[in-house]
Amino acid sequence: MTKNYKVQAKPYAFEFDIESTALMIIDMQRDFLYPGGFGEKLGNDVSTTNAIIPSVQKVLETAREKNMLVIHTREGHRPDLTDVPASKAKRGGGIGEQGPMGRILVRGEYGHDIVDELQPIENEVVLDKPGKGAFYQTDLESILRNRNIKSLIVTGVTTHVCVQTTIREANDRGYECLMLEDCCAAFDQKDHDDSIRMINQQGGIFGWTTPSDYLLKELNQ
Ligand code: TIU
């Protein structure tokens, strides 16, 4: 398949065919972006994750204009919590507890849902996942295969946890991932910066990274 776009990136230009590329928006849920949710309950300042909403929104608008497949993920659990491993439950965050945005990290609750600015529209995939990686216990792989997707543009939170885990899982399955640096965030800047380096080091051991402007410049010209 001919690759019709070439974006300046680290460690070298990322080439992709728009028809076989999906935009992934990882866990841009109120529980990670607003006070009182899972992210803050784990002891974090959520201003860093909240700050990327406008950058992700810009990329989402362009992806929609270009008719790209958009996949939104949400980390969360069944209301009866039967899918929460004991090891996860005991490590904090208050999963299942009542908070200001409803029960924390529970499907169907206000806090579990995606922020208003990035709400999915018709024909976009919403993928509920119980773990950090988007491939674990989900049908993501069959969705990508059925839509003939080969490349993923990855955005969302948090860079060092769900974004990195998903990129590692995708890389092992043969997908080429471009991580948009300013469209991802960690609670701590060092975790974010280290994750970027881990992805693009050793000739792009897990994938490519770039600022979203480089992608948008290419797509919008
Ligand atoms: N704790 C943390 O940084 N992240 C998560 O638990 N989940 C996601 O990254 N979505």
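1. Basis of the comments. The model is predicted, so local features need pLDDT of at least 70 and side-chain atom pairs count only at pLDDT 80 or more, while totals for chains, interfaces and linings use all residues. Residues are numbered from 1 along each chain as its sequence is written, and side-chain values use heavy atoms, with hydrogens and water left out.

2. The sheet. Six strands form an open sheet in the order S7-S4-S3-S8-S9-S10, with parallel pairing. At its edges lie S7 and strand S10 (208-210), each of which pairs on one side only. On average, neighbouring strands of this sheet are turned by 25° against each other, direction ignored. Strands (E, at least two residues) and helices (H or I, at least four) are DSSP runs, numbered from the N terminus. Two strands pair if DSSP finds at least two bridges between them.

3. Strand S4. Strand S3 (residues 21-26) runs parallel to S4 and is joined to it by 5 bridges, and Leu23 stands opposite Val70. S4 also pairs in the parallel sense with strand S7 (residues 125-129), over 5 bridges; here His72 stands opposite Val126.

4. Strand S8. All 7 of the 7 residues of strand S8 (residues 151-157) are buried, so the strand is largely enclosed by the rest of the structure. One side carries Ser151, Ile153, Thr155 and Val157, the other Leu152, Val154 and Gly156, and both faces are covered. S8 pairs in the parallel sense with S3 over 6 bridges, where Ala22 stands opposite Leu152. With strand S9 (residues 176-185), S8 forms a parallel pairing over 6 bridges, and Ser151 stands opposite Glu176.

5. Helices H7 and H8. Two packed helices are described by the angle between their axes and the distance between the axes. Helix H7 (residues 159-172) and helix H8 (residues 189-204) pack at about 15°, with axes 10 Å apart. Axes are lines fitted to C-alpha atoms, for helices over the stretch in contact, and angles run from 0 to 180 degrees between N-to-C directions. H7 and H8 are therefore roughly parallel to each other (angles under 35 degrees count as roughly parallel, over 145 as roughly antiparallel, 65 to 115 as roughly perpendicular and the rest as oblique). Thr159, His160, Gln164, Ile167 and Arg168 in H7 meet Asp191, His192, Ser195, Met198 and Ile199 in H8, contact meaning heavy atoms within 4.5 Å.

6. Gln164. This residue of helix H7 is buried, with a relative accessible area of 6%. Leaving aside neighbours within four places in sequence, Gln164 is in contact with Thr158, Thr159, Ser195, Met198 and Ile199.

7. Gly96. This residue lies in the loop between helix H5 (86-89) and strand S5 (98-99). Gly96 counts as buried at 15% relative accessibility. Not counting residues up to four places away in sequence, Gly96 touches Leu81, Arg103, Ile104 and Val106.

Definitions and conventions: Buried < 20%, exposed > 50% of the residue type's maximum accessible area, 1.4 Å probe, protein only.
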